[in-house]
Structures are given as C-alpha cells and as structure tokens.
Amino acid sequence: MAVDTTSFDSGLDLSNYDDEQARLMEEMCIVIDEHDKAISAASKKTCHLMTNIDQGLLHRAFSVFLFNSKNELLLQQRATEKITFPDHYTNTCCSHPLATALELEEAGQMGVRRAAQRKLEHELGIPADQVPLDSFQYLTRIHYVAPSDGLWGEHEIDYILFVKADVDLNINENEVRSVKYVSLDEMKEIIATAEETGTKLTPWFKLIDENFLYKWWAKLDNLKDMKDHKTIHRLL
C-alpha cells in the first residue's frame, strides 16, 4: 500500500549547507513499514527531518563493515560538510538504497548490495570490481531511531553487510574527512575512551558495537552461523 508522503514536511531551505550535500538530499530513499516492506519513496531530506521522523517516517538503509586480509576494520570519519552527524566516526560506509528499479530489488538483497557497491566507490573510491556483489555477506537488520542536531536525524531499518577485501582507496573529501584501519582490540579502546577523548561516534555504529560487532568480528572467516535474515532487531 502506498503512503502519501506529501503530508510530510520537505520544504526546508538548504542554501546554508554545502552545495553537493544539499544536492544529494534530493535523492529518493525507499520508504518502508516496520516490517521492511517498501511502500513509497521520499527524498533524503524528507526522510531525515526530525519533524517527519517523529510522525513515524521510516526508510531503508545499509551499513558496510569492510575488513582487510589482516581482519582489520576500515573506519571512516564523516566529512564536516555532511548534513547529518558531521565529523563522527563510523563503520566503513553507511547510506541508503535508492528508489530505483535496480536498488529496490529484494531477492538476495541485490538492491542493497548494489547500493553498497555504489556508495563504496562514491565515498571511498573503491572500484566496484574489488567488492563484487557476491562478496557482501548480509548478516541481519536493525531498526533504530536517532536524532542528530534537533533538526535532522535517522529512522532506519539498516541492513548489515560484511565484506573482506584488500582495496584501493581514493577518498571523496566531501564525504569523508579521514579513514583508518583498526584491530578488534583497537576498536574496543576507541569505544572505551570515546567520551574521554571527545571522539564522536554515529549512533547506529554504537548500537551495532554494543550489541553485535565483537561476536561477528570473532567469526569473521566463518559467518554462516552468525546470519539472521528473519529478525529485525528493534534497538529503539
């Protein structure tokens, strides 16, 4: 059943934001119900305004965790230009499949995989052939809500994708301020000292870290028993 998204506020003036980030806010996200059924489409801007989130507007997303051959996780610090959660550290790549035929395809999570491959290239310059679609391991989904600055926020069902590959990076500085690979122990230290060091972490990354990350990381080379494709974990 379609949802009339015209009732949601989408008229906010973005002229005070970075031009490229404002342009990307016009991309069309997939609006879903609480069971992850696609029901409509709305702009990224519409989906991320807290006034709409407070009315229940929910969209589909993904989070990629990319590990190298040493089992180190690639972290990124989001660019200062980002409209939501600028300068926050997070997992390798976090974004949204778009409301297009290719990225709406649900069989085998193909739409989400295509979106992940596209955004890894857009944000980090990783060539698509270094992260082929079948290299992504889909683990599970989380449903969470998180305000950013009072005006903006997130309300997503987030597909968790792991991929192991040694990749070439060509950072898009409008998207990513910095990157670094970390070991499991280094990741635990970053989390433990984040408040003391003033390290800002995205809320979805913290939720995944607190609930799942270390048990998945420990099984990185044998994730079969870690996959749960039926459950939507409600971390609300």
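Colleague: Before I read anything into this predicted model, is Gln109 buried or exposed?

Modeller: The general idea is to compare the relative accessible area with a cut-off, where under 20% means buried and over 50% means exposed. Gln109 has a relative accessible area of 15%, so this residue is buried. Its place is in the loop between helix H4 (101-104) and helix H5 (110-124).

Colleague: Where is Asp36 placed, and why does Asp36 count as buried?

Modeller: Asp36 sits in the loop between strand E1 (28-32) and strand E2 (38-43). Its relative accessibility is 5%, and because the cut-off for buried is under 20%, Asp36 counts as buried.

Colleague: Turning to a strand, what is the relative accessible area of Leu161, and which residues is Leu161 in contact with?

Modeller: Leu161 lies in strand E8, which covers residues 153-164, and its relative accessible area is 0%, so Leu161 is buried. For contacts, the idea is to look for heavy atoms within 4.5 Å. Once neighbours within four places in sequence are left aside, the partners of Leu161 include Phe62, Ser63, Val64 and Phe65, together with Val112, Ala116, Phe136, Gln137 and Tyr138.

Colleague: How many residues along the chain lie between Leu161 and Cys93 as a separation, and what is the distance between their C-alpha atoms?

Modeller: Leu161 and Cys93 are 68 residues apart along the chain, and their C-alpha atoms are separated by 9.8 Å.

Terms used
Residues are numbered from 1 along each chain as its sequence is written. This is a predicted model: local features need pLDDT of at least 70, side-chain atom pairs count only at pLDDT 80 or more; totals for chains, interfaces and linings use all residues. Side-chain values use heavy atoms; hydrogens and water are left out. Helices (H or I, at least four residues) and strands (E, at least two) are DSSP runs, numbered from the N terminus. Buried means under 20% relative accessible area, exposed over 50%, partly exposed in between (1.4 Å probe, protein chains only).
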